[in-house]
Amino acid sequence: MTEKSCTLLVHFDKGTPALANEIKEALEGNDVEAKIESLKQAIMLLLNGDTIPQLFITIIRYVLPSDDHTVQKLLLLYLEIIDKTDSRGKVLPEMILICQNLRNNLQSPNEYIRGVTLRFLCRLNEAEIVEPLIPSILANLEHRHPFVRRNAVSAVMSLYRLPHGEQMLVDAPEIIDRFLASEQDPSSKRNAFLMLFNCAQDRAVSYLFSHIDRIADWGEQLQMVVLELIRKVCRVNKGEKGKYIKVIISLLNAQSSAVVYECANTLVSLSSAPTAIRAAANTYCQLLLSQSDNNVKLIVLDRIKELKASHREILVELVMDVLRVLSSPNLDIRRKTLDIVLELITPRNIDEVVMMLKKEVVKTQSGELEKNGEYRQMLVQAIYSCAVKFPEVASTVVHPLMDFLGDSNVASALDVAIFVREIIETNPKLRVSIIMRLLDTFYQIRTSRVCTYALWIIGEYCLSLSEVESGIATIKQCLGELPFFTVSEESESQDVSKNSQVLNSSTVSSRRPVVLADGTYATQSAALETAMSAPLLVQGSLASMGNLRSLILSGDFFLESVVACTLTKLVLRLEEVQPLKVEVNKATTQALLIMVSMLQLGQSSVLPHPIDNDSHDRIVLCIRLLCNKGEEVKRIWLKSCRESFVKMLEDKKHREAEETRAMAQISNAQPDDLIDFYHLKSKKGMSQLELEDQVQDDLKRATGEFVKDGDDANKLNRILQLTGFSDPVYAEAYVTVNHYDIVLDVTIINRTRETLQNLCLELATMGDLKLVERPQNYTLAPESSKQIKANIKVSSTETGVIFGNIVYETSSNVLERNVIVLNDIHIDIMDYISPASCADILFRTMWAEFEWENKVAVSTIIEDEKEFLNHIVKATNMKCLTPPSALEGECGVLAANLYAKSVFGEDALVNVSVEKQADGKLSGYIRIRSKTQGIALSLGDKITLKQKGGP
């Protein structure tokens, strides 16, 4: 048997349940406190499924006459949850005993007793119990206390909505209409208007327009019902939207923020007129600034984001108002605000936006908030995006941002370095000033990765004699005196290293595999990603030690190779711009000495681990090049490197242009569209707002926006057959997948000639799915059908399964229950993830952090690497982050990174690494990483199923 729905929820601590005999004895006594406790225990037992039929007569005899308010309240709760009908649906005879008590309560001198009794009547569905009480209910509409009148109106509405309520209360709408005209209490007026709204809509509309001048003075609750009425009416009759939009516009000045928010939502849903959209957008901006609740701000920002998709030109005017939300300390709000603003930038507002962002960057230097570094990184990325879209603003932002190259927040400093690297190439006029500023601030950089970017910029863009000499001098100063260690220090460090070997291996030289930009694995030292730390084994004064020296002495050999390459480029360029050979030879000698010293340090026992082969080979190559200079070498090192970087920037710009072009193809207007002439339309006394709205509706109707034919095919694809055609009960389900819930619309058909009783659709789930409602019993006539809806909550991105059965009894054999097992419904993970973009650095960071990995071996009939990659991208609904230029050519090997984001904010990372074998088949692995186990396993199952190359 299934549980019935319940109208109340009572919390209680689970303990030893009371016995029915004990409860009965306490109820028969004269102690009021004992009666209260016993009633509570009886209610809890009933809610847990116990019937306790023997208590009813006891309660009628000993509890019903009580005058205590608490006892009467508990008595009504008890009466609310007990069974009032028999198995045939007839009201039990003993229920007549409570009618007189209810009538007495409705005539009680105490307004509380009257009010709670009226509220109890709202939950009764048995007309035989309620019908004798109608005169008393109507009499309470004129009671002096608003609590009684409010509940009396609710009781009238509940009675009128019963199956035969219109016959019991024929003149209820008229009575409530008169009541509404004379009532002053806001809550009572709201309930009365709600009754007319649900039961006599024409009277509600008539009352609204007869009192339209005073609508601003109505209470918040009544105004909310008015907005609900407007939405309902306008859905049915779109032609009358104009006069209702005027009402909404007038409510935009209401005192309640909830009303104002609902007004804006209603405007957006009903009208596309520019005036209406502008009013709604202004309202959203005012709510953002006036509300202190972060959740409210996030919700309003979501509404603005939705508005931006269809009415960008209007929101462009309000971009500065949206930016003011950055004053909130919440990072989620700031991130969402910046995302919205970056899509609203135009040549007209770019200067104001950048100025505002620069002010926010300066504020982050105060250090008052612990997450200032993360916020600064977001601002740097936003300014970077602005400068890429509008290069003319780069000159105003690049120099202030370069002060943050030495920022303790590694990610923020890294973003600044990447920004400077791109700006110095795309803005040649700024090259000299950027180089001079970088050389002045280089000593402040405390992070290895930022140093590598800065050294590359110095090596590529120091072109004049003074710049090259300054670059070499800056590097020498930051490296300090040579050698990096002495023989005595090496012997001392050997003794120390024996004692601290375990410590150093975990703290200084810890290594872990990382995925590179091309998707391959490599091992990197933890020192590469950490801020500068003083070396433990090398003695000397650390206070005066340069940043490069300290990082190199911590075991950063990759940085050593970058220093060697930078010095090589500077010396080669010095040979071109320095006429004096003596100076060139001197600089060459100094560079060679530095490189040899770094090699000597890497091969010594001073550091806990020796230099890696890659860095060693790179430094040795630089030494050989400086010893044997040639024109071909100069061309490669001084020109080809820059050309590769320029090509990378052009490729990035081309990809962004392609994405923009693809988005622009979805246009709302065509060159040959008809033009609407406002002055030629029949105005019929309409306001400008009504005229605009009618024009927009005409346009939508003409372009077919109101009716989308493509939806019908999608609906057919989502219909799933649950039972066989030969089963006595046929069932099929239409599955609607929303972001956070799944709606199953199940059609059940009785194919027999018997009446099916107690038919129940029992469902269960596997995965992060949860049923919301409990199943109900139904009676199905011969050859009839029934529509049943089931709601299922989704809490994470995971492939789930819904299974169950249909249970029923036949009229010929009530004792035998028949069961039909349903086909499983598989919820696809693809409904919850969508392609997304992220920077390569962020991808590698997440790859290192995420703990769940699913490794799938490649097994496919596809023989072309690129075709296989495209197949995986299409099957997983992910975006390939590896640029097309990196995938060009035929080498038999392919590595690419894919990325997607779920509706729950979860990240899904995929690395595809395949190789073509001698027999032409592909081999390799697909690695999936995520923060949660569900998405990694579900994506792996999806790839395993689809990678064969089938449909």
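This is a predicted model: local features need pLDDT of at least 70, side-chain atom pairs count only at pLDDT 80 or more; totals for chains, interfaces and linings use all residues.
Strand E17, residues 907–916, pairs with strand E18 over nine bridges. The two strands are antiparallel.

Look along the pair. Glutamate 915 stands opposite serine 923 in E18. E17 and E18 form a hairpin, with five residues between the strands. Glycine 920 in this hairpin takes a positive phi near 90°.

Now stay with E18, which covers residues 922–930. Strand E14, residues 852–857, is also joined to E18. Six bridges link E14 and E18, and they too run antiparallel. Which residue in E18 is the bridge partner of alanine 857? The partner is tyrosine 925.

Next, turn to the empty space inside the model. Rolling a probe the size of a water molecule over the atoms shows where such space is left. A search of the whole structure finds two cavities of 30 Å³ or more.

What lines the largest cavity? Its lining is made up of Lys73, Leu76, Leu77, Glu80, Val116, Arg119, Phe120 and Arg123. Helix H4 (69–81) and helix H6 (111–121) each supply at least two residues of this lining. H4 gives the most, with four residues.

Four of its residues are nonpolar and four are charged. No polar residue takes part.

Key:
Residues are numbered from 1 along each chain as its sequence is written. Side-chain values use heavy atoms; hydrogens and water are left out. On a 1 Å grid over the protein atoms alone, a cavity is a set of points where a 1.4 Å probe fits but cannot get out, and a pocket is an open set with protein on both sides within 12 Å along at least five of seven lines; lining residues have an atom within 4 Å of a point. Grid points are joined across faces, edges and corners, and a volume is the space filled by probe spheres set on the points. Ala, Val, Leu, Ile, Met, Phe, Trp, Tyr, Cys and Pro count as nonpolar, Asp, Glu, Lys and Arg as charged, and the others, Gly among them, as polar. Two strands pair if DSSP finds at least two bridges between them.
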